[in-house]
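Reader: I would like to learn how to read a few features of a model from its coordinates. Please take them one at a time.

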Amino acid sequence: MFFKNLKLINFKGYENASVSFHPELNCIVGSNGAGKTNLMDALYYSCFTKSYFSNSDQFVVKENTDFFRIECNLKAEDKEHSIVIKAPNVSRKVLELNHVEIIKRTDFIGQFPAVMIAPDDNQIILGSSDLRRKFMSACIGQYIPKYLEVLLPYQKLVRQRNAALKEFRKKGRTDETLLAVLDEQMISLGVLLFNHRKEFIKAFKPIFSKVHSNLVHNAEQVAIEYQTQLDVHSMENGLKVNKKKDLVTARSNFGPHKDDLDFLINGQPLKAVGSQGQQKSFLVSLKIAQYEIIKEKTRKLPFLFLDDLFDKFDETRVIKLIELIQQGSFGQVFITDTHEDRIDSLLKLHNLEHQLIIVDKGKIEYGNKG
Ligand SMILES: Nc1ncnc2c1ncn2[C@@H]1O[C@H](COP(=O)(O)OP(=O)(O)OP(=O)(O)O)[C@@H](O)[C@H]1O
Ligand SMILES: [Mg+2]
């Protein structure tokens, strides 16, 4: 599976740009602010119909314009595919796969799986629990397409239930019938969500341990624990037990929307005791394990996007990564780096064929084919 080319109109800093890719390894180089991450994000966008970096298309469309377009051609399992994303305005977006409009995003996601490793990802360790839930979804959603068909309605339901609870509190009267209807739907979707996540963690843990011990030689003990209220109460019971609290706080206090992941190093919370290097290793292991689980479950080689490679990988690890690329462990790989010479000479030294893509303020040029 590989991207053959990409055409952008009014995508972030790119007014009108075309680029073609090497089927295996592409290095996008240029100075700070040149548009390296944006180019990679356009590819990510083509797989997920959204940006990795911003939830709103308001920041995707080029400043002072009101539409954008992404067009790319891929080859997957010996078939040619075309993806077109047209946003005639920021609030409307059309996705076409092979010239046929795809109405449901959930029908599309997972067809072209991808994993991104970017500098801000350390927030998965340091930030709030929703980023860890998002990480779980970014794994499961790419190999169980039905997962998003559970997650998205569940999230909508929680918002509806919270709005209803607020309304009850404001009026000083609870509509028991409405609450019972909402709870019934919460129970069925919540249980499905919980089961998917439980299964995921079970499969993910050994993959993660293996990846981490391969990456870190003086192997610290690392672990991931799934924290969920559903270990204590069933969905049905949990809603009952929390009913009073929900009505007082006007929030839904029970359910898988409260799930979290504990990251541990030698039995202690990684966020509190891990050094920056240990946190980086943990993060890279999480992402490579994400790659591995999607690969195992889908039998596809996801795209690997490594934004600002040297932020997360020191030179020894880059060499390890090069070995893995040489062994064919990954599908098409995209790397960004500010130092053209650093990455180019390293890859040439290891005889790794690659395409150098030089970007500068919305312009794209090619460097030497290595
Ligand atoms: N919606 C937008 N409209 C116009 N320009 C934008 C938009 N979004 C981002 N940019 C521009 O894109 C540039 C940043 O591009 P990008 O993040 O890809 O840089 P980069 O090459 O990855 O830099 P770094 O090495 O610092 O990570 C900024 O100059 C920013 O102004
Ligand atoms: Mg960048």
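Reader: Which strand holds N10, and what is its phi?

Author: Helices (H or I, at least four residues) and strands (E, at least two) are DSSP runs, numbered from the N terminus. N10 lies in strand β1, residues 2-11. Its phi is near 55°, a positive value in a residue other than glycine. This is a predicted model: local features need pLDDT of at least 70, side-chain atom pairs count only at pLDDT 80 or more, and totals for chains, interfaces and linings use all residues. Residues are numbered from 1 along each chain as its sequence is written, and chains are lettered from A and ligands numbered from 1 in the order in which they are written.

Reader: Is N10 buried or exposed?

Author: A residue is buried if 20 or more other C-beta atoms lie within 10 Å of its own, exposed if 12 or fewer, and partly exposed in between, with C-beta atoms placed from the backbone. N10 has 20 other C-beta atoms within 10 Å, so it is buried. N266 also is not a glycine and has a positive phi, of about 45°. N266 sits in the loop between β10 (260-265) and β11 (268-269). Because N266 has 12 C-beta neighbours inside 10 Å, it counts as exposed.

Reader: How many residues of helix α1 are buried?

Author: In α1, 12 of its 13 residues are buried; among them are K36, T37, N38, L43 and Y44. Helix α1 covers residues 36-48 and reaches 19 Å from its first C-alpha to its last, close to the 18 Å expected at 1.5 Å a residue. The expected span is 1.5 Å times one less than the number of residues. T49 follows α1 and has a positive phi, near 55°.

Reader: Which residues come nearest to ligand 1?

Author: A residue is near a molecule if its C-beta atom, placed from the backbone, lies within 6 Å of it. Of the 16 residues around ligand 1, G13, N32, K36, T37 and N38 come nearest. The shell has three nonpolar, eight polar and five charged residues. Here Ala, Val, Leu, Ile, Met, Phe, Trp, Tyr, Cys and Pro count as nonpolar, Asp, Glu, Lys and Arg as charged, and the others, Gly among them, as polar.

Reader: What does helix α5 pack against?

Author: Contact means that the C-beta atoms of two residues, placed from the backbone, lie within 7 Å. The buried residues of α5 pack against α4 (129-143), α6 (176-215) and α7 (235-249). Those buried residues are Y147, V150, L151, V158, R161 and L165. L193 lies in helix α6. Leaving aside neighbours within four places in sequence, L193 is in contact with V150, L151, Y154 and P256. L193 counts as buried because it has 28 C-beta neighbours inside 10 Å.
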